[in-house]
Amino acid sequence: MLARAESVESPLATIVLAGAELVLDPSGALAWPDERLMVVADLHLEKGSAFARRGQMLPPYDSLDTLRRLAAAIAVHQPRMVIALGDSLHDRWALERMADPVREEIRRIQAGRTFIWIAGNHDPVPHDLGGEGTQALAVGPLLFRHEPAEGPAPGEVCGHLHPAARIALRGRGVRRRCFVTDGSRMVLPAFGAYAGGLSVRDPAIAGLFPPRGFTAHLLGAGRTYEMPASACLGD
């Protein structure tokens, strides 16, 4: 567990992005209360079954675990719309491997609200999981897409990069998934149970922001932890 003395903690931290007031849920979901909207990135459903197909056996419960954590975040924020920022499916064969209980959980999550699937590089084509599919979606000052654009992109909210930050805590390194933002654009952490993480110091992430000009919000047990770029170590 991260310590209070080492960071600024908030169970439901609020930030302003391009003028929109957003809530950073410690699950990795992003909520926009004024629009009753919630966003998640990189669910990577059926990643476990993809590994099994290649002979690397992992517990086959990642899809249900991911969806149940999503359902729990929905229960907290009660959004009218949920946006999944691409790579919701791990590969193009995920639907073939998807068991009925997983499909049923998706239908339950979608009931009574608009559900938007943004196309990702792992799942660029429409599928039969309900909801609506699109390449990107603009809502007010924010633009939701899978991959970050090159150059400045005020109001951009994206996924794809799976950001994670490592910090020094009591003489040892602690690594967590995180939100990354400079107040103009934001990269969301991967939400999928088996999704990996890329260091925020990697040029693919750090290069999106002014030098040392981003803040990482690490996911913790029931809260997020705000860290300046200077506190984030390389892997």
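**Salt bridges, a buried leucine and a hairpin**

At 53% relative accessibility, Asp128 counts as exposed, because the cut-off for that class is over 50%. The model described here is predicted.

Asp128 has a charged partner. Its side chain meets that of Arg103 in a salt bridge, with an N to O distance of 3.4 Å. The pair links distant parts of the chain, 25 residues apart. Asp128 sits in the loop between β7 (114-118) and β8 (132-134). Arg103 belongs to helix α4, residues 100-110. Arg103 has a relative accessible area of 19% and is therefore buried, since buried means under 20%.

In total, the model holds 7 salt bridges. Another of them joins the side chains of Arg97 and Asp91, at 3.2 Å from N to O. Here both residues, Arg97 and Asp91, are buried.

A further salt bridge is formed by the side chains of Glu156 and Arg145, at 2.7 Å from N to O. Glu156 lies in strand β11 (residues 156-158), and Arg145 in the loop between β10 (142-144) and β11, so the pair ties together parts that are 11 residues apart in sequence. Glu156 counts as buried because its relative accessibility is 1%. Arg145 has a relative accessible area of 23%, so this residue is partly exposed. The pair is also part of a network. Salt bridges link Arg145, Glu156 and Arg185.

Beyond the neighbours within four places in sequence, Leu37 is in contact with Leu30, Ala31, Trp32, Pro79, Met81, Ile83, Val139 and Phe144. The C-alpha atoms of Leu37 and Arg80 are 6.0 Å apart in space, although 43 residues separate the two in sequence.

Strand pairing is seen in β16 and β17. Strand β16 spans residues 215-219, and strand β17 spans residues 224-228. The two strands run antiparallel and are joined by 5 bridges. Thr215 stands opposite Pro228 in β17. Together β16 and β17 form a hairpin, with 4 residues between them. Gly222 is in the turn and has a positive phi of about 85 degrees.

How values were computed:
Residues numbered from 1 in each chain as written. Predicted model: local features only at pLDDT ≥ 70, side-chain atom pairs only at ≥ 80, totals over all residues. Heavy atoms only, no water. Contact = heavy atoms within 4.5 Å. Pairing = 2+ DSSP bridges. Salt bridge = Lys/Arg side-chain N within 4 Å of Asp/Glu carboxyl O. Buried < 20%, exposed > 50% of the residue type's maximum accessible area, 1.4 Å probe, protein only.
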